[in-house]
Number of protein chains: 2
Amino acid sequence: MVVAFLQLRAASKLSGRINASTMMLSRLLGFLVLASAIGLGSAGYRADSVAAAQSDSPTGAAADVLSRTNALPSWNDGPAKKELLYFLWRVTREGGPDFVPADARIAVFDNDGTLWSEQPMYVQAAFAIDRVKTLASQHPDWKNRQPFKGVLEDDMKAVAASGDRELLEVITATHAGITAQEFEHIVTDWIATARHPKTGRPYTDMVYQPMVELLQYLRANSFKTFIVTGGGVDFVRPWAENTYGIPPEQVVGSSGKTKFELRSGRPVLMRLPEVEFVDDKESKPTGIHRFIGRRPILAFGNSDGDLEMLQWTAGGTGARFIGLVHHTDPVREVAYDRRSPIGRLDTALDQATARGWTVVSMKDDWRTVFPR
Amino acid sequence: MVVAFLQLRAASKLSGRINASTMMLSRLLGFLVLASAIGLGSAGYRADSVAAAQSDSPTGAAADVLSRTNALPSWNDGPAKKELLYFLWRVTREGGPDFVPADARIAVFDNDGTLWSEQPMYVQAAFAIDRVKTLASQHPDWKNRQPFKGVLEDDMKAVAASGDRELLEVITATHAGITAQEFEHIVTDWIATARHPKTGRPYTDMVYQPMVELLQYLRANSFKTFIVTGGGVDFVRPWAENTYGIPPEQVVGSSGKTKFELRSGRPVLMRLPEVEFVDDKESKPTGIHRFIGRRPILAFGNSDGDLEMLQWTAGGTGARFIGLVHHTDPVREVAYDRRSPIGRLDTALDQATARGWTVVSMKDDWRTVFPR
């Protein structure tokens with residue numbers, strides 16, 4: 001079986017022109033170069049094995065918390081887990097100097113690469129490709145017209161050679177021109193049957209078990225957990241509740257415009273071929289402000305696209321937890337950071353070091369990567 | 001004391017040109033005609049008196065529910081209360097044909113005129129006027145420049161004569177050019193001290209006690225309650241939690257754009273003088289879709305601006321409750337509907353009759369209007 005390994009069209013080329021359509025394109029469809037560069041060898045996505053517990057010499061409250069809890073079982077007892085548990089102990093201890101009332105316990109998580117795998121391509125890109133193939137029989141002209149022709153023939157070089165306007169046609173064809181309800185059904189059906197190209201598992205099994213446990217543990221400590229994703233909000237909402245325990249109203253993401261219409265007296269929301277909001281980079285804090293309306297006290301990301309969200313969260317007063325998932329595990333997942341076109345982690349990694357944010361090493365800090 | 005009675009610049013004049021800026025202006029600042037027309041006589045806003053319980057001949061489950069509950073004490077035992085309790089009984093009865101799982105119990109409420117008083121003018125308009133007066137000393141030119149001059153001199157005719165561009169200057173001057181955090185503090189301080197021009201009570205005391213009880217009762221029945229307001233989301237959020245029990249992330253509303261900036265390394269969100277979203281009329285369903293991501297099963301409004309939200313909510317499958325607050329009480333509040341420039345209730349009232357929605361008569365259905 002020939003699997004198309006796709007990757008994001010070099011995001012760096014786009015910096016400087018923060019045009020909504022361009023960003024949306026780069027996010028959703030500018031992924032189209034054959035992906036030898038990421039080094040996705042045969043070792044990727046091997047089954048988890050229980051890693052040796054990492055020993056350390058904990059002291060004080062953090063050690064105490066760590067020794068008394070059986071929370072976060074898929075995390076090794078290393079520094080990242082300690083920092084998380086210590087933070088949670090501080091903000092939930094009534095009467096303590098860092099106590100945060102339950103209703104202000106807002107936690108935000110990037111999705112792609114933070115809660116689930118974003119390699120070898122964004123899952124939403126795989127969705128768009130599948131959708132083109134599904135719709136092809138209704139569009140005979142696509143066989144001879146780029147970029148559809150390239151998508152249908154798995155000729156991603158041809159797709160990548162297309163201009164923004166042509167690529168926008170692919171978004172329009174796959175994401176717009178139908179009602180919001182129809183799109184929700186399409187995503188729900190697709191996510192139930194689509195399989196990850198390397199592991200053959202459903203994409204909803206390609207979530208990071210330690211992060212799912214963290215979400216649960218935060219909620220058990222009265223946190224409200226939000227996704228703040230550059231991906232499409234309507235692509236994530238249909239499965240986020242079952243997969244992460246995060247309801248639709250707690251998903252912030254990129255969106256296209258919709259239009260209210262009455263059709264034979266029945267109200268529908270039509271999905272228009274217009275970008276409304278691209279929730280990436282400096283738009284993540286504005287998205288948080290717009291949708292959530294208060295500053296989180298915990299934020300987790302994995303790439304430079306999350307930097308401003310992490311800065312915004314860190315900039316508040318009181319205790320803060322700022323985390324980065326660092327993809328360091330070429331055996332159980334994929335190792336990538338500064339040079340990866342998908343999920344590039346460069347400036348944010350430097351900032352994390354400089355500011356004492358918690359860098360979670362997938363290889364060292366996670367006992368398990370994916371659910372069993 | 002001369003009190004400026006202000007009202008919305010005839011909303012009807014604006015229909016047909018649904019331009020975001022124009023709608024925002026009409027919503028926030030196009031309120032500026034002396035308001036003899038609404039008939040705000042000295043009888044308005046008199047203290048509540050316990051109304052005689054309205055008798056009816058209840059049958060079946062609704063009567064049973066009604067007889068067993070002491071919920072909603074500020075509602076008379078009339079048809080509206082019965083319909084509410086019957087709906088709640090249907091959607092919460094496990095195993096029943098209309099049962100709705102807790103996580104799908106989404107309820108949306110308009111704010112102005114539905115949860116609190118919108119007469120003699122939108123509270124946010126009063127805020128803008130006060131803000132102009134507060135800032136005037138920093139802007140000596142305002143004394144001689146419309147529409148600021150008119151606002152400062154309570155000469156609303158002069159203000160009303162200004163063009164959209166001039167009125168937009170007032171929004172900019174009062175709502176933008178500062179950080180999101182600064183604006184939040186300003187609103188918080190203002191709402192704590194400002195007083196309703198007729199009753200002299202804090203605006204947060206001008207909320208409708210029966211609706212506050214309904215919000216509480218819905219939450220006690222595992223509903224998630226949202227505000228979906230044409231007013232500014234950042235104007236409502238600072239006080240909605242204390243006043244209604246609705247946290248910031250459950251307020252959907254109109255917004256201006258914000259911009260993420262680092263100032264000497266500190267992240268801020270600057271409020272820009274640009275309209276981002278006007279959450280009124282056909283934008284209410286799109287706002288619900290964008291912010292909440294699923295269709296409510298209960299919606300409450302009071303004006304034609306809420307019609308599409310009510311239609312959208314009604315259009316889902318399964319049990320639905322669609323309510324309209326009808327301002328019928330000239331003694332305890334204000335009586336207005338089809339001809340009022342603020343909170344005009346005309347088409348939506350006809351629709352309610354035609355479709356069997358619940359029209360709540362403030363005079364007949366509410367035992368108490370305002371909190372004591």
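Mentor: Let us start with burial. A residue is called buried if 20 or more other C-beta atoms, placed from the backbone, lie within 10 Å of its own, exposed if 12 or fewer do, and partly exposed in between.

Trainee: Is A:Pro238 buried or exposed?

Mentor: A:Pro238 counts as buried because it has 23 C-beta neighbours inside 10 Å. This is a predicted model, in which local features need pLDDT of at least 70 and side-chain atom pairs count only at pLDDT 80 or more, while totals for chains, interfaces and linings use all residues. Residues are numbered from 1 along each chain as its sequence is written, and chains are lettered from A in the order in which they are written.

Trainee: Which residues does A:Pro238 touch, leaving aside those up to four places away in sequence?

Mentor: Contact requires C-beta atoms, placed from the backbone, within 7 Å. On that basis A:Pro238 touches A:Glu184, A:Val187, A:Thr188 and A:Ile191. A:Pro238 itself lies in helix 10 of chain A, a helix being a DSSP run of H or I with at least four residues, numbered from the N terminus.

Trainee: How many residues of chain A are in contact with chain B?

Mentor: 27 residues of chain A meet 27 residues of chain B. Helix 11 of chain A gives the largest share of that side, 5 residues.

Conventions
Contact = placed C-beta atoms within 7 Å. Helix = DSSP H or I, 4+ residues; strand = E, 2+ residues; numbered from the N terminus.
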